[in-house]
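Hello,

Here is the structure you asked to look at. Please open it first, then read my notes below.

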Amino acid sequence: MARVVGIGIQDFEKIISENLFYIDKTEFIREWWESRDSVTLITRPRRFGKTLNMSMLEPKNPEKDDAIILEFKIHDPDEEKTLEDTVKQALRQIEEKQYSAQLIARGIPENKIRSYGFAFQGKKVQIG
């Protein structure tokens with residue numbers, strides 16, 4: 001039987017047990033993070049996993065490495081006064097939507113989960 005791509009399946013255990021294709025994007029994310037490019041353009045159709053690539057990074061070795069949660073926001077001057085306010089809104093969203101719950105459920109301790117809010121306004125970016 002041919003292997004299929006498990007579109008939308010985010011449970012690694014299910015991907016393995018059902019023998020679905022899995023593409024490990026850890027190296028892609030590490031290279032992106034370390035490149036410090038001023039702009040990164042990721043073009044893919046809708047529902048193709050762009051956000052999944054960038055929003056939650058689960059460590060391969062949870063005893064040694066931290067998990068990382070990222071939330072990206074575009075500054076809206078009608079909603080926030082400053083970029084710092086936009087960062088705070090991004091971090092608030094991480095808390096309100098309980099992004100860490102899935103990582104905790106997988107056994108990653110809360111003290112090993114780092115959250116970052118990114119705020120963009122034109123060429124300016126603030127990270128908190």
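Buried means under 20% relative accessible area, exposed means over 50%, and partly exposed lies in between (1.4 Å probe, protein chains only). This is a predicted model, so local features need pLDDT of at least 70 and side-chain atom pairs count only at pLDDT 80 or more, while totals for chains, interfaces and linings use all residues. Residues are numbered from 1 along each chain as its sequence is written, and side-chain values use heavy atoms, with hydrogens and water left out.

**Salt bridges**

A salt bridge puts a side-chain nitrogen of Lys or Arg within 4 Å of a carboxyl oxygen of Asp or Glu. The count comes to 3. One joins Lys112 and Asp66, with the closest N and O atoms 3.2 Å apart. Lys112 sits in the loop between α5 (100-105) and β3, and Asp66 in the loop between β1 (56-57) and β2, so the pair ties together parts 46 residues apart in sequence. Helices (H or I, at least four residues) and strands (E, at least two) are DSSP runs, numbered from the N terminus.

Is Lys112 buried or exposed? Lys112 counts as buried, because its relative accessibility is 17%. Asp66, at 27%, is partly exposed.

Asp66 also meets Arg114 in a salt bridge (3.2 Å, N to O). That pair spans 48 residues, with Arg114 in strand β3. Arg114 is partly exposed at 35%.

Lys88 and Glu84 form another salt bridge, at 3.6 Å between the closest N and O atoms. They are 4 residues apart in helix α4, so about one helical turn separates them. Shared partners join Asp66, Lys112 and Arg114 into one network.

**Strands**

Two strands pair if DSSP finds at least two bridges between them. β2 and β3 (residues 113-121) run parallel, joined by 8 bridges. Glu71 has Gly117 as its bridge partner in β3. β3 and β4 (residues 124-127) pair in the antiparallel sense over 4 bridges. Their hairpin has 2 residues between the strands, and Gly122 there takes a positive phi near 60 degrees.

**His75**

Where is His75 found? His75 is in the loop between β2 (67-74) and α4 (83-96). His75 is buried, at 9% relative accessible area. Its side chain makes a polar contact with the side chain of Thr86 (2.8 Å). A polar contact is a pair of N or O atoms within 3.5 Å; within protein, one must be able to donate a hydrogen and the other to accept it, and residues adjacent in sequence count only if both atoms are side-chain atoms.

Best wishes
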